[in-house]
Amino acid sequence: AAYEESVFYYAGTGQLEDGRTMAYLTYGQFEMTYDQALLDLFKEFKQKNVTELVLDLRYNGGGHVMSSTMLATLIAGDKYKDQIYTKMEYNRERTEAGKVGEYRIGNSTIPDGNGVYSLIVDALQYSLNLDHVYVIGTYDTASASEMIINGLRGLGIDVRLVGQQTHGKNVGMEGYVNRKVGNLYYDFLPITFYSENAVGFKDYSDGFTPDVIFD
């Protein structure tokens with residue numbers, strides 16, 4: 001039998017001493033299958049007037065950019081609507097040919113031209129509209145998880161990182177399925193782009209250094 005692990009290892013809220021409400025979310029993977037559940041979770045956070053968020057990405061090795069964009073929208077909200085969350089820097093040949101990849105807060109447009117992803121727009125109504133967020137990371141925090149750190153910082157949101165140095169995956173892959181080579185068929189996932197934020201920062205191949213180093 002197959003066992004499918006939930007991406008929500010823990011989610012809860014609590015009261016701080018000054019009366020503010022904090023949410024804590026341990027999120028395991030940016031998997032689109034769970035995006036509606038993530039939306040519903042933030043709806044609960046908003047109903048409880050959450051003003052502080054701890055995003056625990058210790059075990060999150062990444063996933064889909066659209067899911068990462070949706071989470072960023074749930075954090076940032078209307079104030080940053082249509083601003084660039086992350087953009088893909090391709091090689092010169094593809095760039096000159098018009099290849100563009102920009103994901104924007106609260107914008108459902110899919111950069112590769114394959115329709116829209118409406119949940120990103122839906123996320124605006126449940127967003128927490130935060131100007132700062134706390135992220136817990138380790139070496140296993142990579143790719144779309146590091147994109148959250150870099151993308152929110154590019155918007156001017158204060159991201160405080162606690163834990164260990166992150167992985168440093170500042171590039172992404174595109175999939176080519178069932179390509180025939182000789183008599184065999186292969187799925188290729190070559191690295192094809194850099195991931196950079198709204199201010200053009202992409203140089204985190206060594207990972208992000210925590211503000212507070214903690215094992």
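At what angle do helix α1 and helix α2 pack, and how far apart are their axes? What you see is a predicted model, where local features need pLDDT of at least 70, side-chain atom pairs count only at pLDDT 80 or more, and totals for chains, interfaces and linings use all residues. Residues are numbered from 1 along each chain as its sequence is written, and side-chain values use heavy atoms, with hydrogens and water left out.

Okay, the helices. Two packed helices are described by the angle between their axes and the distance between the axes. Here α1 covers residues 35-47 and α2 covers residues 65-76; the angle is about 5 degrees and the axes sit 11 Å apart. That makes α1 roughly parallel to α2, a label for angles under 35 degrees. The axes are lines fitted to C-alpha atoms over the stretch in contact, with angles running from 0 to 180 degrees between N-to-C directions. Helices are DSSP runs of H or I with at least four residues, and strands are runs of E with at least two, numbered from the N terminus.

So who touches whom? From α1 we get Asp 35, Leu 38, Leu 39 and Phe 42, and from α2 Ser 67, Met 70, Leu 71 and Leu 74. Contact here means heavy atoms within 4.5 Å. Sort those residues and you find 6 nonpolar, 1 polar and 1 charged. For the sorting, Ala, Val, Leu, Ile, Met, Phe, Trp, Tyr, Cys and Pro are nonpolar, Asp, Glu, Lys and Arg are charged, and the others, Gly among them, are polar.

Next up, salt bridges: a side-chain nitrogen of Lys or Arg within 4 Å of a carboxyl oxygen of Asp or Glu. The whole structure has 11 of them. One joins Glu 52 and Arg 20, at 2.6 Å from N to O. Glu 52 is in strand β3 and Arg 20 in the loop between β1 and β2, so the pair ties together parts 32 residues apart in sequence. Glu 52 is buried at 7% relative accessible area, while Arg 20 is partly exposed at 37%. Buried means under 20%, exposed over 50%, and partly exposed in between, using a 1.4 Å probe and protein chains only. Asp 18 joins Arg 20 and Glu 52 in a network of salt bridges.

Another bridge pairs Arg 94 with Glu 174, at 2.7 Å from N to O. Arg 94 is in helix α3 and Glu 174 in the loop between β8 and β9, 80 residues apart. Arg 94 is partly exposed at 23%, and Glu 174 is buried at 17%.

Terms used
Parallel < 35°, antiparallel > 145°, perpendicular 65-115°, else oblique.
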